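Subject: Handing over the two-chain model

Dear colleague,

I am passing on the structure that we talked about, and below it you will find my notes on what turned up in it. Please read them with the structure open beside you.

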Amino acid sequence: MTTHYTPVAKALHWLIALLLFGLLALGFYMQDLPLSPQKLQLYAWHKWAGVTVFLLVLVRLAWRVTHRPPPLPEHMPRVMQLAAHAGHVLLYALMIAIPLSGWLMSSAKGFQTVWFGVLPIPDLLDKNRELGDLLQTVHLSLNLFFVVVLIGHIGAALKHHFIDRDDVLTRMLPARNLEP
Amino acid sequence: MKPTLKPMILALTLAAALPWSSHAAEYRQVQADQSAITFAYQQMGVTMDGKFNRFTAQLSFDPERPEAANATVDVDLASIDTGSAESDQEVAGKVWFNIPAFPTARFETRSVKALGDHRYEAAGQLTIKGKTQDVVVPATFTAQGKAGVFEGRFTLRRGDFAIGEGPWAKFDVVANDVQIQFRITANAGE
């Protein structure tokens, strides 16, 4: 029986996790900066990283659909299993919705996203100040919600490891002791 | 012979009363609502654009005598629309336009040259933020009924006018080149 995630699923999980922490920290930091060349640079980097994560999440979703993850431990009550699934669905939904809201916000504010300064991403909306401000609020709110769900996700993983003492956390870690 | 004289005199009188449209059409009355001045520049490799909502123009242009044409355009810099309130506020400050000290940008023609095929070249002086530079502005002229439309674009270097000093003086984030595009509609006056 497979008890570990596939190496690809693990790599995508940790790569996206790393980028998301960077993006969240950068996002909250840069929004309060006074306008400066550095601020514009940070915004550009944030957007480039955001597009990158969005694409990685699409790859990850495709992988998830075609590769069944190991089942949840049998000791988990049915309700908790459902809650775990719901939490994961929510994480995926937010990982799609947040970059989309950022992309729409950039379009409405008239700041087109050019991926790494090379590949222009089409603007989905026409320039519109009110809509831009509204989408900024949406982007921020979704991120605050995402932080809450992330705390739940990390808390649950730690609870599985330290209290339930099952393999829910370790099966997402690099497989050092895995038998050949 | 007598009966033909009367209509001839009438025809001559009428002809004299008619404006000599093709020769005497001089475009002077600028139609603000059908005119626009916009700008575009590169920021981190991304094309950004904006516009000036208020400007005045005095011009006089006779397609038959383009070399006698002249124009003065005053742009109210405080009417800038960069697309975000934060930027509008930023560019009003000392390191950008310093609008309290230099509220208008002015373009004044010195000479106008016809290039043929409705294309013209206006050489003149552009003054922004107390700095004056010679510029050559290419423009096309199209007559649309009693209105004439002047359209053109040219590139200025913001560094030449100290637009964006201090932390903005380098051109790595906000490029030096700024494309100015204009469309000025003027009605023919007598």
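Of the 190 residues in chain B, 24% count as buried, where buried is the word for a residue with 20 or more other C-beta atoms within 10 Å of its own, exposed for one with 12 or fewer, and partly exposed for anything in between, the C-beta atoms being placed from the backbone. Please keep in mind that this is a predicted model, in which local features need a pLDDT of at least 70 and side-chain atom pairs count only at pLDDT 80 or more, while totals for chains, interfaces and linings use all residues. Residues are numbered from 1 along each chain as its sequence is written, and chains are lettered from A and ligands numbered from 1 in the order in which they are written.

On confidence, the model as a whole scores ipTM 0.72 and pTM 0.79. Chain B averages a pLDDT of 88, with 86% of its residues scoring at least 70; pLDDT is the predictor's confidence in each residue, on a scale from 0 to 100.

Chain B holds three helices and ten strands, which follow one another from the N terminus as α-α-β-β-β-β-β-α-β-β-β-β-β. Helices (H or I, at least four residues) and strands (E, at least two) are DSSP runs, numbered from the N terminus. Of the contacts in chain B between residues at least 6 apart in sequence, 56% join residues at least 24 apart.

In the loop between β6 (104-116) and β7 of chain B sits B:D117, which has a positive phi of about 60 degrees although it is not a glycine. B:H118 lies in the loop between β6 and β7 of chain B, and its phi is also positive, near 65 degrees. B:D117 is exposed, with 7 other C-beta atoms within 10 Å, and B:H118 is exposed as well, with 12. For background, most residues other than glycine have a negative phi.

In chain A, helix α1 (residues 7-30) and helix α2 (residues 37-66) pack at an angle of about 155 degrees with their axes 9 Å apart; the axes are lines fitted to C-alpha atoms, for helices over the stretch in contact, and angles run from 0 to 180 degrees between N-to-C directions. The two helices α1(A) and α2(A) are therefore roughly antiparallel, a term kept for angles over 145 degrees, whereas angles under 35 count as roughly parallel, 65 to 115 as roughly perpendicular and the rest as oblique. Their contact has 18 nonpolar, five polar and two charged residues, with Ala, Val, Leu, Ile, Met, Phe, Trp, Tyr, Cys and Pro counted as nonpolar, Asp, Glu, Lys and Arg as charged, and the others, Gly among them, as polar.

Finally, where the chains meet, 14 residues come from chain B and 13 from chain A. On the side of chain B that touches chain A, β2 (46-52) and α3 (85-92) of chain B are the elements that give two or more residues.

Best wishes

How values were computed
Contact = placed C-beta atoms within 7 Å.
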